[in-house]
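Keep the sequence and the 3D view open, try each task, and then compare your steps with the solution.

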Amino acid sequence: SSPAGQPQCPAAGRTQASGAASTLTGVQFVSPRQGWVVGGDRILATSDGGAHWQIQDRGRLGLTSLDFINASDGWAVSLTTVLATTDGGAHWGALPEPCPLIDAVHFVSPTLGYAVAGGSATPYQPVPASHGVLLATSDGGRTWHDLPAPADVQSACFTGPSRGWLGAHGRLYRTVNGGTTWTLATAGVTGTDGQPYLMTVQCAGPDAVWGLDLGTGAAMNHAPFIGYHAGPSGAKAIFAEQYIPHPGVTVTANAPGTYPGPLSAISPEEAVVIGSCPPCGYGTAPWDLLTHSGAVITQRGNVGGLTAAAGASFLTPRLGWVAGTMDDYRNPARQVQRQRIVMTSDGGGSWHTQYSYLP
């Protein structure tokens, strides 16, 4: 049931798709030893850097993302449920869902958090293209209230009670007063089909953000997407998938791959972005290291052991974990899709598979 003053919200139309039932989707590490991975049918945790993984919860969870602020307090989100823990995942409990239903959360303390809710999210696209709204909580997610925001909220992150960033209708916005007002940082892109891009954001440091603006549609194994970095002085496009045009944005640096993958913000100056590239050959998941606030892009080869990355968490440019799918089509009569967690401690010079299962 919903808390007093919050309407109940039916989950009709927000059911889990069968193809997403067992995929790994989100990764977060809060230290070199402590991390979690969530997916459609399990929550995994490690306390030794991934040498061993423990299943903390299992079932038809349908989880699409997670958010931990320390080794104890965390939240995991599906299209119909928000789970929370205060003991590092030893116990998970469902929070009351507001209406509209929550798509993703971002907390800055055990009590203060923000959520994107409503809209057209799906298991394959948890970022709502339209009709999303911004919510806030001051009690750890037990109750939520609306925050003023531009139309069609798609993603949000805050670095504290005052400063935050918002993706809405393919555009990027900044607030310095806790979301009371928002200032446009970049207008983003409207696709050639007339549809806005999907602006996803990850905050870094006191007042910086990394963003991916994801276009709609695809052609010839290519999909449009653009990478951004922004701070108090403004926003800048860093790279773009070059096969499909991006009206109004000129950037010559090519994106890693032809399809977008996960982004992991390390600091205001450093981030990792991973793509996938079916035209480049079997098992290709290229990744780039972005430094100097995106002014320098270093190609780091392919993520070993995966054909498609779904989530990533890098603590430094050398140390990171990636979860995703390994497709094995060598035997046409028995095509296999394994779910894996891989890690690198030398900046991608080598990759180690830490967890693997066949759904």
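**Exercise 1. Backbone angles and surroundings**

Is H292 buried or exposed? Find out, and then compare your notes with those for H131.

*Solution.* One thing to keep in mind throughout is that this is a predicted model.

Step 1: Locate H292, which lies in the loop between β23 (286-291) and β24 (296-302).

Step 2: Read its backbone angle; phi of H292 is near 50°, a positive value in a residue other than glycine.

Step 3: Check the accessibility. The relative accessible area of H292 is 59%, and exposed means over 50%, so H292 is exposed.

Step 4: Turn to H131, in the loop between β10 (113-117) and β11 (133-137). Phi of H131 is positive too, near 70°, and with a relative accessible area of 62% this residue is exposed.

**Exercise 2. A serine and its polar partners**

Which backbone atoms does the side chain of S155 reach?

Step 1: Check its accessibility. Buried means under 20%, so S155, at 9% relative accessibility, counts as buried.

Step 2: Look for polar partners. The backbone oxygen of M199 is reached by the S155 side chain at 2.6 Å, while the backbone nitrogen of V201 lies 3.2 Å from a polar atom of that side chain.

Step 3: S155 then touches V116, W165, L166, G167, M199, T200 and V201.

**Exercise 3. A valine in a strand**

*Solution.* Step 1: Find V209 in strand β18 (residues 208-214).

Step 1: Read its relative accessible area, which is 1%, so V209 is buried.

Step 2: Compare C-alpha positions. V209 and G231 are 22 residues apart along the chain, yet their C-alpha atoms are separated by 6.5 Å.

**Exercise 4. Aromatic rings**

How many aromatic pairs does the structure hold, and how is the pair of F107 and W144 arranged?

*Solution.* Step 1: Count the pairs; the structure holds 12.

Step 1: Describe the pair of F107 and W144. Their centres are 6.2 Å apart, with 70° between the planes. Edge-to-face requires over 60 degrees, so this pair is edge-to-face.

Step 2: Check the accessibility of each partner. F107 is buried, with a relative accessible area of 4%, and W144 is buried at 10%.

Step 3: Look for a cluster and for a charge over a ring. F29, W53 and W321 form one aromatic cluster, and R42 lies over the face of Y357, at 3.6 Å from the ring centre.

Terms used:
Residues are numbered from 1 along each chain as its sequence is written. This is a predicted model: local features need pLDDT of at least 70, side-chain atom pairs count only at pLDDT 80 or more; totals for chains, interfaces and linings use all residues. Side-chain values use heavy atoms; hydrogens and water are left out. Helices (H or I, at least four residues) and strands (E, at least two) are DSSP runs, numbered from the N terminus. Buried means under 20% relative accessible area, exposed over 50%, partly exposed in between (1.4 Å probe, protein chains only). A polar contact is a pair of N or O atoms within 3.5 Å; within protein, one must be able to donate a hydrogen and the other to accept it, and residues adjacent in sequence count only if both atoms are side-chain atoms. Contact means heavy atoms within 4.5 Å. Rings of Phe, Tyr and Trp (its six-membered ring) pair if their centres lie within 6.5 Å; planes under 30 degrees apart count as stacked, over 60 as edge-to-face and the rest as tilted. A charge sits over a ring if NZ of Lys or CZ of Arg is within 6 Å of the ring centre and within 35 degrees of the ring normal. Lists of a residue's contacts leave out its neighbours within four places in sequence.
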